[in-house]
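User: I would like to learn how to read strand pairing and surface features in a model. Could you take me through them step by step?

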Amino acid sequence: MSEHLDVVIVGAGLSGIGAAHHLQTALPDRTYLVLEARETIGGTWDLFRYPGVRSDSDMHTLGYRFRPWTDAKAIADGPAILDYVRATATEAGIDRRIRFGHRVVDASWDSATARWTLTVEHAAATVTMTCSYLYVCGGYYHYDSGYTPEFDGIEDFRGQVVHPQHWPDDLDHAGRRVVVIGSGATAVTLVPALATDAAHVTMLQRSPTYIMSVPTVDTVATRLRALLGPRRAYAVTRWKNVLIGTLIYQLSQRRPAMMRKFIREQTIKQLPAGYDVDVHFNPTYGPWDQRLCLVPDADLFRAIGNGSASVVTDRIDRFTERGLLLASGTELEADIVVTATGLRLLALGGIRLTVDGREVPLPQTIAYKGMMLGGVPNFAFTIGYTNASWTLKADLVAEYVCRLLRHMDAHGYDRCVPVPDPAIDTRPLLDFQAGYVLRSLDRFPKAGSRAPWRLGMNYAQDVLTLRHGRIDDGTLRFARATRHRAGSDVLAEPGGH
């Protein structure tokens, strides 16, 4: 017989470790496992190992609600974040509940038994197990490969081409000319990190991105720790940063001209006198229509100022033997070209879902509260905020799942499913204009035009809804397993709902 768990969590990264911690704290009697396709804890923070890799959010909001971030650096490097995630797992004993090298490829729900049957690839074999609740915490990145556009002539280039998602351990960039293609968070991290040792680094962008400098160390957090202690100071700093981030986002959406002017003025102050800010740092889109890039202590601007890095805004015509020929006719010579051209997205880690023998077509589903799927029982997934730290939402989703399971226990239910209103209008799940999102949205579930089917991007509002709102809200249907109702889309609830 296959092994049975109360809950299976998919993914041992930032979200999965947090979910496991919430689950075993709130519901210690529940049996659970974490299935991780790779061979180590850390997810994104273990996968990405390019020079300078760091958070693009402050650690007081990217860190877990239950575990204070006490390091002096609020903008932390990748190894420090990885240590934080792994220490969280080890101290709570979560690492003993993880099975590495286990990739979930298929999940099949049976209403008669109220169980998921999981097909899992492990060590060139296939194993099966069952669970009562499936909780996918694998994020939405495609871990096997990033996105690289088709470049004419790339085979002619005599140098080395590298994608940040697969950074070679032995790549030596010291004293070499490096071109980084891209202007997003990865590019603005790589450029100053590489510029320390490279002969010169050029950030080649097709169009500019909004970039703001933030202090690496949060001095307010440091003072609060001395006054209040680490736990209370962390909570206060977390809310301080949430409110500041929300204010910046709301102003960007409601007063874009004002925020554009503010960001431009700050950028001018960070760059050498006479620098052509309007060519290289003045995007055509509004602030926060795409993610705002943060650079710690103006490191990118300092690298430009001291001449170790430069920015070129142009389009690539083709690769040449010596580098890149641009649309303007200029040739950029390079020894190494880094294609920081974005990510590929993968919904639910590529897991195939079926409910009572019928495959679930993800693009035709609608997401409930941005964390469950209409018509899919006993299932949750984590997608973080696009305008704030991922973990803020991940923590709330984990808390909600624990509340939901406790509610089911209290009322004797073993099934719950969100049932969408057929008349509801749909829209993209992620209302975000970044290229890597737009390329993949058609393969993701949809969101609805109104609550609870709309994916919220407001942490304070989600605190009220997910942490304190009613579980039995009239949209979720609860039931006990009954064989004669197997295959029903709307589950019967003993209470009459």
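User: How many residues lie between β4 and β5 in their hairpin, and which residue in the turn has a positive phi?

Analyst: This is a predicted model, in which local features need pLDDT of at least 70 and side-chain atom pairs count only at pLDDT 80 or more, whereas totals for chains, interfaces and linings use all residues. Residues are numbered from 1 along each chain as its sequence is written, and side-chain values use heavy atoms, leaving out hydrogens and water. Strands are DSSP runs of E with at least two residues, and helices are runs of H or I with at least four, numbered from the N terminus. Here 4 residues separate β4 and β5, and alanine 114 in the turn has a positive phi of about 55°.

User: Which strands pair with β4, and in what sense?

Analyst: Two strands pair if DSSP finds at least two bridges between them. Strand β4 (residues 103–110) runs antiparallel to β5 (residues 115–122), with 7 bridges joining them, and aspartate 106 stands opposite threonine 119 in β5. With β17 (residues 352–355), β4 pairs in the parallel sense over 4 bridges, and there serine 108 stands opposite threonine 354.

User: Where is leucine 228 placed, and is it buried or partly exposed?

Analyst: Buried means under 20% relative accessible area, exposed means over 50%, and partly exposed lies in between, with a 1.4 Å probe and protein chains only. Leucine 228 belongs to helix α6 (residues 219–228), and its relative accessible area of 31% makes it partly exposed. For the protein as a whole, 53% of the 497 residues count as buried.
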